[in-house]
Amino acid sequence: NRTMTGLVWMVGKNRGEYLTGPEIEKVLEGNPHISGLFLGRVWSDIEPARGTYDWKSLDSAVEAARRKGRIYKLLFRPGAGTPDWVYAKSTDGSPGAAVFETVGPNPNRKDTYKKPLRIPIPWDPAYLREFEQFIRAAGERYAADPLCLAVAITGANFQSAEAHLPKGPKDVEKWKALEYRDKLSRAYERYIDIYAGAFPRQQLC
């Protein structure tokens with residue numbers, strides 16, 4: 001099986017906007033040594049309302065990879081990027097995801113530093129249900145593409161795609177009060193199962 005090797009470009013934003021397909025193609029034309037793309041998206045950007053998906057930006061980037069014959073890896077970021085509707089009651093009256101509240105700890109993130117932030121409790125059943133639906137929808141769209149070689153496993157995240165949670169002194173006390181250790185471990189197992197089911201042919205990392 002093919003794997004993500006060589007020079008992989010982590011495609012970022014330009015002035016706060018995702019690069020368009022033509023912009024990505026222009027970069028690839030100027031650098032033939034790039035072997036693959038790493039394409040990340042925030043969950044709330046793709047599913048602004050429950051079951052309403054906006055794949056346009058990611059589709060454009062994926063089409064650029066296809067036109068230029070480049071392999072790619074996908075990443076979907078929840079955490080602080082979880083859509084607001086996930087916390088609200090569902091149409092059948094079921095409760096929304098439980099909330100963990102904190103403040104932005106990073107002075108380099110001026111838009112969130114010392115400002116209130118929230119993420120879903122990683123093992124909350126409502127969160128897991130909605131996140132699984134989202135990842136399944138992504139799998140239905142991209143998993144059959146032979147150029148999609150890898151997908152990053154996410155689920156328990158804060159402000160980035162890295163697998164860590166709020167960890168200030170007050171945050172740690174809150175996690176301890178929630179008796180998080182075994183619950184979080186089981187949540188990670190669930191994330192792996194979710195991704196393996198949605199992307200059975202891809203490398204999960």
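A residue counts as buried when under 20% of its relative accessible area is left, and as exposed when over 50% is. Keep that in mind as you open this predicted model: of the 205 residues of the protein chain, 46% are buried.

**Stop 1: the whole chain.** Show the protein chain as a cartoon and you can look for six helices and nine strands. The C-alpha trace spans about 50 × 35 × 30 Å along its principal axes. A compact globule with 205 residues would have a radius of gyration near 17 Å, and the 18 Å of this chain agrees with that. Now think about contacts between residues at least 6 apart in sequence: 75% of them join residues at least 24 apart.

**Stop 2: helix α6.** Select residues 180-198. This helix has 19 residues and reaches 26 Å from its first C-alpha to its last, close to the 27 Å expected. Which residues of α6 are buried? Colour Leu184, Ala187, Tyr191, Ile194, Tyr195 and Ala198 to see them. They sit on the same side of α6, because they cover an arc of only 85° around the axis. Turn to the other side of α6 and you will find Arg181, Asp182, Arg186, Asp193 and Gly197 exposed.

**Stop 3: Arg77.** Stay with strand β5 and pick Arg77, which lies in it. Arg77 is buried yet has no salt bridge. How far away is the nearest side chain of opposite charge? That is Asp45, at 6.8 Å. Finish by showing residues that Arg77 touches, among them Arg41, Trp43, Phe158 and Gln159.

How values were computed. Residues are numbered from 1 along each chain as its sequence is written. This is a predicted model: local features need pLDDT of at least 70, side-chain atom pairs count only at pLDDT 80 or more; totals for chains, interfaces and linings use all residues. Side-chain values use heavy atoms; hydrogens and water are left out. Helices (H or I, at least four residues) and strands (E, at least two) are DSSP runs, numbered from the N terminus. The expected span of a helix is 1.5 Å times one less than its number of residues. Buried means under 20% relative accessible area, exposed over 50%, partly exposed in between (1.4 Å probe, protein chains only). The arc is that of the directions from the helix axis to the C-beta atoms. Lys and Arg count as positive and Asp and Glu as negative; His and the chain ends are not counted. A salt bridge is a side-chain nitrogen of Lys or Arg within 4 Å of a carboxyl oxygen of Asp or Glu. Contact means heavy atoms within 4.5 Å. The radius of gyration is taken over C-alpha atoms; the globule rule is 2.2 Å times the number of residues to the power 0.38. Lists of a residue's contacts leave out its neighbours within four places in sequence.
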